[in-house]
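Keep the 3D view open as you read.

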Amino acid sequence: MADVALPAAAAPADHWAAMAARSRRRRQWTTIFLYGFLAVASLPVIVPYLWLFTLAFSARGGTDTAVLWRALLVLGPALLAFAMLGHSIDEPRRLRHALLVLLLVTVAALAVVIGPQLHLANWRFLWNPDFSDALKTGPTGVGSQFPNVWVAFGNSLALALAVTAIVVTVSTLAGYYLSRFAFPGRAGFLKSLLVLHAFPAMTLIIPIFFLMHWAGLLDSILGVVLVVCTLELPFAIFIMKGFFDAVPWDIEMSAMTDGASRRQAFLHVVLPQVKFGMLAIGIFAFLRGWEDYVFVRTLLIDKQNWVMSLYLFYVAEDVMGVDYGIVTAVGVLYVLPALVLYTFTQKYLTQMTVGGIKG
Amino acid sequence: MMMPSSSQRRRQQANLVLFLGPALVLLALFFVAPVIVDIAIAFTDMGRNLKPTGFTTENVERMLTGDRRLGGVLATTAIYVLATLLVFNTGFALVLALTTTAMPPRAGAFFRAVWLLPRMSPSVVYALLWGWAISPTPSGLINQFLALFGLPPFDFQNQAPMTLVVVANGFIGASMGMIILTSAIRAIPQHLFHAARVDGAGGLAVVRHVILPAIRWPLSFITVYQALSLLVSFEYIWLITDGGPFYDTTVYSLYVYKRAFENGQYAYGAALALGLVVIGIAAALLLWRFMDMRSLLQRPRIEVH
């Protein structure tokens, strides 16, 4: 081997240096190309969200988007600077300082460029539920008879929280049983659960409508809660079973050797081990309940039962294209809880492997 | 193994009820029962008054021979599912996974978070954003962009409705493939990349000979899973084009929904939905092939209840 390496070692050093430099340059160009490609490809996703947020705080009864473009002119370079700072400074302390300065500059620039245009008039529906002055009352439309926005917000919150509580409780219990207990028909049950997991529940909306009708749960939020919960269950049970499978048997065994019953071992020893799993399925369940549209549209009728998705839908239907101000403000109110929750819990959600696919 | 005593068996049953009972009840009531109800309704004449008067096979006959609209709807569905699946849910998802894993981790995570935004926002909000983007007035996003190049405003909703629903659904669909493929690419042992590089492989050769073979299973899983979910989900089409103009973007699942809830032909809708149920079960069974059954069915090790 050594004599094979000899000619290489004998090669002039500057030749190697040139090769290394060339390869570094190529890597740099590749990275720049990737950044450029992803930035351009992501613009169609980012710009509409920016539109939503800027218009909610700046629109004055029209459809003017000047504020959006000015904000983009500030935020675009700021993001670019952010990426470059992250690359060029390695020391954490200096990086933090540099980022702080960048943040201050960005905020100051935004304040100068769009600050004077901002106002809160589009949010008047929050304190004045009778905001019909802003809505044209069409001959066919739902007109100005909107329920108080807080009723819809409260309904959405109740729906999402109830779905979360039921999904987390039921799937944790079931996941533990499926992971730890042998019972006749276990393999069959797991296999059929797998079919249900892949099975598209949306196809069942017609019979579900009838079941609700016969059970007297039509036009009741409880009905929607039960349906949405059940459709989330197969997925949640599998996730929880996966988390329980990963808990070592030994800790349960030793708890039981120490005299705990099976149920005590579950409650006090195993459950704390799977809290991130419960958190993850809880967040998914909350977002699912919060965003539902098809089932609430089909199963709820009375205005007092409206949730945010219906509220936004009808507000948008009434004034779309005429006055984006109120529509975008309602949109921000609706999307913000989901985005905040998602942003702060993202690291738990993306850690979850979509279990069981062959590697 | 000992024979369980009767008190042990009682305990066993109590545990079954306690742990699995709630899930069993919910799944039976809202997952299994609807399938049976759907089959039953499909063979009645249930109409707007929600009262069936007798059994009939009329709906199935109509579905198989008498619905002139159905052929067009099926063609629309095929175009929609194939285009979205190939271009976005697998194609662009793969591009996103490859590019975001090839750059520094934090930047990659940022771009993935951006592409998850559409999935995390409620459907009505997402549709609202599209409503502005394609607005035929000069203030719409696309028309402002066209105006930069001196082009006249374009009415997507009426002139290119299929492109619109494919892109709108694709932006959402790409993220699931992106997430699964990203973790699949991350799971590839680093030494394979080093070995390929030492052997003189360039970036594209690494993709072709190291990454693609390693993500074959996840990629086929995504293809089947996403084909199924595209086939049955109509939420975004319903919100963005409402199946129009005329029937141009009415896919099968939306057609089923409209027949039942807008025309009041519940029985016919249920019969149409049977088609989806059959496809759904078939695809779900197909997805089994991608699952690691041995770890799923691993036997429990403690027999105490």
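Start with the secondary structure of chain B: 15 helices and zero strands. Bear in mind that this is a predicted model.

Next, the overall dimensions. Along the principal axes, the C-alpha atoms of chain B fill a box of roughly 80 × 60 × 35 Å. The radius of gyration of chain B is 25 Å, whereas a compact globule of 305 residues would have one near 19 Å. Of the 305 residues in chain B, 42% are buried. Now take the contacts in chain B with a separation of 6 or more: 67% of them join residues 24 or more positions apart.

One helix of chain B deserves a look. Helix H3 of chain B covers residues 68–102.

Now turn to the contact between the chains. Chain A puts in 84 residues and chain B puts in 89 residues. On the side of chain A that touches chain B, helix H2 (residues 13–58) of chain A gives the largest share, 14 residues. By type, that side of chain A divides into 60 nonpolar, 19 polar and five charged residues.

Then go to helix H13 of chain A, residues 308–319. Is H13(A) mostly covered or mostly open? It is mostly covered, with eleven of its twelve residues buried. Among the buried residues of H13(A) are Met308(A), Ser309(A), Phe313(A), Tyr314(A) and Asp318(A). Tyr311(A), Leu312(A) and Val315(A) are buried too.

The largest nonpolar core has 179 residues. Tyr311(A), Leu312(A) and Val315(A) are among the residues with the most contacts inside this core, as are Val163(A), Val167(A), Ile281(A) and Ala93(B). Helix H8 (residues 221–246) of chain A supplies the largest share of this core, 16 residues.

Finish at Val315(A). Which residues does Val315(A) contact, leaving aside its neighbours within four places in sequence? They are Phe146(A), Ile326(A), Val327(A) and Val330(A).

How values were computed:
Residues numbered from 1 in each chain as written. Chains lettered and ligands numbered in written order. Predicted model: local features only at pLDDT ≥ 70, side-chain atom pairs only at ≥ 80, totals over all residues. Helix = DSSP H or I, 4+ residues; strand = E, 2+ residues; numbered from the N terminus. Rg over C-alpha atoms; globule rule 2.2 N^0.38 Å. Buried ≥ 20, exposed ≤ 12 C-beta atoms within 10 Å, placed from the backbone. Contact = placed C-beta atoms within 7 Å. Nonpolar A, V, L, I, M, F, W, Y, C, P; charged D, E, K, R; others polar. Expected span 1.5 Å × (residues − 1). Core = buried A, V, L, I, M, F, W, Y, C linked by C-beta atoms within 7 Å.
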